[in-house]
Amino acid sequence: RDEDVSSHTEGSRAANDWLLNEIVQRQQAQEQLQASQAALKEREQHLRSLLDNIPDPIWFKNLDGIYISCNRAFAHMLGRPEQDVLGKTEPELVAPELAELFRHYDQQALKSHEPHRYEQWIPLANNQHYLLDTLKVALRDDDNNPIGILGIGRDVTDKNLLFTELEKFKRFAEHSSQGFGIAKLNAETLY
């Protein structure tokens with residue numbers, strides 16, 4: 001009988017040691033998982049802050065044209081909160097002809113391994129228009145298959161207006177045979 005008790009005691013100790021070891025390993029794994037999740041959340045917040053502090057509109061769409069991610073500037077450009085943009089397609093967000101044009105440029109970017117750049121006049125929610133210099137690129141997986149479209153835009157309206165004014169000034173100067181001067185209405189000479 002003492003042998004039976006001793007054998008059961010040894011078996012119980014071994015089982016207890018195994019259980020204790022299992023509990024410690026699971027607790028360590030849980031702590032590592034929590035630390036990894038905290039680091040991932042911190043990195044995500046850092047990237048979100050970085051993205052939202054870029055003044056240019058940035059967006060990502062999957063191959064079905066559904067917006068997966070965007071920054072504040074893009075949502076502002078559409079006159080909507082970000083949560084009203086994500087999960088939607090262009091026909092749900094912009095006029096049909098503009099949505100069709102965007103999809104055309106998406107398809108061009110998907111066919112290329114290089115960034116695709118174009119300029120497009122975009123109507124704003126407040127009935128203003130601005131010229132958007134857009135760069136689109138197909139994002140690809142490890143096997144080089146496209147997984148979506150990344151777009152970055154820059155408002156170049158002021159630059160375009162300045163260029164237009166400079167062109168007018170150049171034409172005026174080229175056709176002036178006797179010279180000219182430019183003054184403000186208060187007679188202050190500019191040129």
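A salt bridge is a side-chain nitrogen of Lys or Arg within 4 Å of a carboxyl oxygen of Asp or Glu. By that definition, a search of the whole structure finds 11 salt bridges. The model is predicted: local features need pLDDT of at least 70, side-chain atom pairs count only at pLDDT 80 or more, and totals for chains, interfaces and linings use all residues. Residues are numbered from 1 along each chain as its sequence is written, and side-chain values use heavy atoms, with hydrogens and water left out.

**View 1. Arg48 and Asp52 in helix H1.** The side chains of Arg48 and Asp52 form a salt bridge, N to O 3.1 Å. Both residues belong to helix H1 (residues 2–52), where 4 residues, about one helical turn, separate them. Helices (H or I, at least four residues) and strands (E, at least two) are DSSP runs, numbered from the N terminus. Arg48 is partly exposed at 26% relative accessibility, whereas Asp52 is buried at 11%. Buried means under 20% relative accessible area, exposed over 50%, and partly exposed in between (1.4 Å probe, protein chains only).

**View 2. Arg103 and Asp106 in helix H3.** A salt bridge joins these side chains, with 3.9 Å from N to O. Arg103 and Asp106 are 3 residues apart in helix H3 (residues 96–111), about one helical turn. Arg103 is partly exposed, at 28%, and Asp106 is buried, at 0%.

**View 3. Lys136 and Asp106.** The closest N and O atoms of this salt bridge are 2.5 Å apart. Lys136 lies in strand S4 (residues 129–140) and Asp106 in helix H3, so the pair ties together parts 30 residues apart in sequence. Lys136 is buried, with a relative accessible area of 1%.

**View 4. A network of salt bridges.** Lys61, Glu90, Arg103, Asp106 and Lys136 are linked in this network.
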